[in-house]
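This briefing walks through one protein chain, topic by topic. Please keep the sequence and the three-dimensional view at hand while reading.

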Amino acid sequence: MFQLERVKDLIQSVAYSISMAMDVDIVVIDANKKIIGKSISDKMSYYPSNVAEYIVERKEFVIIEHPGKEDICKGCHHYGCCSELIELDAPIIYQDECLGILSVTAYEEETRNNILKKKDDYREFLISMAGLISSKVGETLINEERSLTMMRIMAIINSVNYGMLAIDEDDKIIYCNQIAESIIETEPEQLIGQKWQEFFHVMEKDGLLSGAGNDRHEVKIYAGSGREKDAYITVSHMHDDSGAAIG
C-alpha cells in the first residue's frame with residue numbers, strides 16, 4: 001500500500017487551503033490512523049477512532065452530525081463525551097484502495113451550523129480534494145517507475161563496451177555513457193547540452209545525421225586533452241510516431 005507520508009507536503013498544503021476556504025478544522029490520516037496533515041492546533045486533541053476503520057473498509061463518504069452519539073461512534077472511548085460537534089470524512093482512494101481519510105471537524109456550534117447548511121457543497125468539495133491527493137499519489141508512482149526504468153536503461157548502456165551518445169533534434173548531446181566520456185576525454189557536465197559538432201568533425205560532407213539509419217561515418221574526435229582522434233561512428237536515427245526525426 002502506498003504511504004501518504006510520501007506526499008506529506010502536498011497533503012499539508014491541502015489541509016491549510018481547505019481550512020482557510022471553509023473556516024473549519026482539517027485532519028488527514030492514513031489507513032493506519034497516522035496523522036499526515038492538519039490545520040488544528042497541537043493543543044487540540046484529535047482521536048482517529050474506529051470511524052476511520054469503517055471508512056477505510058467501506059470507502060464511503062461519511063457525515064457524522066452528532067459525534068459520540070451515533071452508532072458508527074460506538075467503540076470509541078470518546079463515545080458519549082466527544083468534543084467534536086460534527087465530522088465529515090472523505091476517503092482518499094487510489095486504484096480502488098483507501099489510502100487514508102480527509103476529515104473535517106468543528107468544535108463550535110456556529111461552525112457546525114454553517115457546515116450543515118452547506119453540507120452537500122462541502123461533500124463535493126472534500127471529495128474533489130481527496131481526488132487531488134489521489135492524483136498526486138498516481139503521479140508520484142509514475143515518476144518513480146520512470147526513474148527506475150531510466151536507471152535500468154543507463155545500467156545497460158554503461159555495460160556495453162563502446163561509447164554511446166544520444167543527440168536531440170537540435171544537435172545537442174542529451175546523454176553519454178562512461179566509455180564515450182573516456183574516449184572524448186571530457187566530463188559529462190561539459191558534454192551534456194553541447195552541440196555534437198564541438199567534439200566531432202565528420203569527414204563526409206553529408207553530415208552526421210543524414211540518411212535513414214545505421215549509417216557509418218568516419219570522424220575526427222576533438223578530445224578534451226587537445227588531441228584529435230580518428231574514429232568511426234554508427235548512427236541510428238530516432239523518430240516520433242509521425243515519422244519526424246527527433247535525434
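**Cysteines and overall form**

The sulfur of Cys98 lies 18 Å from the closest cysteine sulfur, that of Cys73, which is too far for a bond. This comes from a predicted model, and a search of the whole structure finds zero disulfides. The protein chain holds six helices and ten strands, and its radius of gyration is 29 Å, whereas a compact globule of 247 residues would have one near 18 Å.

**Cysteines**

- Cys82 is partly exposed, with a relative accessible area of 24%.
- A disulfide is a covalent bond between the sulfur atoms of two cysteines, and the cut-off applied here to a pair of cysteine sulfur atoms is 2.5 Å.

**Overall dimensions and burial**

- Taken along the principal axes, the box filled by the C-alpha atoms of the protein chain is roughly 85 × 35 × 30 Å.
- Buried residues make up 37% of the 247 residues in the protein chain.
- Among the contacts in the protein chain with a separation of 6 or more, 45% are between residues 24 or more positions apart.

**Helix α4**

- Helix α4, which covers residues 119–159 and has 41 residues, reaches 60 Å from its first C-alpha to its last, close to the 60 Å expected at 1.5 Å a residue.
- The buried residues of α4 include Tyr122, Leu126, Met129, Ala130, Ile133, Val137 and Ile157, along with Ser134, Gly138 and Thr140.
- An α-helix has 3.6 residues a turn, so residues three or four places apart point the same way.
- The elements against which the buried residues of α4 pack are the helices α1 (8–22) and α3 (109–117) and the strands β4 (86–94), β5 (97–106) and β7 (173–176).

**Nonpolar cores**

- The largest nonpolar core has 29 residues, and those with the most contacts inside it are Leu4, Ile18, Ile26, Leu88, Leu102, Ile115 and Leu126.
- Two or more residues of this core come from each of α1, β1 (25–30), β4, β5 and α4, and α4 gives the most, with six residues.
- A second, separate core has 15 residues, including Trp196, Val219, Ala231 and Val235.
- In soluble globular proteins, nonpolar side chains tend to be buried together.
- Leu88, one of the residues with the most contacts inside the largest core, touches Phe61, Val62, Ile63, Leu102, Ser103, Val104, Ile115, Tyr122 and Leu126, when residues up to four places away in sequence are not counted.

**Strand β4 and its partners**

- Eight of the nine residues of β4 are buried, so this strand is largely enclosed by the rest of the structure.
- On one side of the pairing list, strand β3 (residues 62–64) is joined to β4 by three bridges and runs antiparallel to it, with Glu87 in β4 as the bridge partner of Ile64.
- Nine bridges join β4 to β5, again in the antiparallel sense, and Gly100 in β5 is the bridge partner of Ile92.
- The hairpin of β4 and β5 has two residues between the strands, and in this hairpin Gln95 takes a positive phi near 50 degrees.

**Val51 in helix α2**

- Val51 is found in helix α2 (residues 50–58) and is buried, with a relative accessible area of 3%.
- Apart from residues up to four places away in sequence, Val51 touches Ile64, Ile72, Glu87 and Asp89, and of these Ile64 and Glu87 are themselves bridge partners.
- Val51 and Leu126 are 75 residues apart in sequence, and their C-alpha atoms are 17 Å apart in space.

**Strands β8, β9 and β10**

- Strand β8 (residues 200–202) runs antiparallel to strand β9 (residues 215–222) and is joined to it by three bridges, with Val202 standing opposite Val219 in β9.
- β9 also pairs with strand β10 (residues 228–235) in the antiparallel sense, over eight bridges, and Asp215 stands opposite Val235 in β10.
- In the hairpin of β9 and β10, which has five residues between the strands, Gly226 takes a positive phi near 95 degrees.
- Val219 and Val235, named in these pairings, are also among the residues of the second core.

Note on methods
Residues are numbered from 1 along each chain as its sequence is written. This is a predicted model: local features need pLDDT of at least 70, side-chain atom pairs count only at pLDDT 80 or more; totals for chains, interfaces and linings use all residues. Side-chain values use heavy atoms; hydrogens and water are left out. Two strands pair if DSSP finds at least two bridges between them. Helices (H or I, at least four residues) and strands (E, at least two) are DSSP runs, numbered from the N terminus. Buried means under 20% relative accessible area, exposed over 50%, partly exposed in between (1.4 Å probe, protein chains only). The expected span of a helix is 1.5 Å times one less than its number of residues. Contact means heavy atoms within 4.5 Å. A nonpolar core is a set of buried Ala, Val, Leu, Ile, Met, Phe, Trp, Tyr and Cys residues joined through side-chain atoms within 4.5 Å. The radius of gyration is taken over C-alpha atoms; the globule rule is 2.2 Å times the number of residues to the power 0.38.
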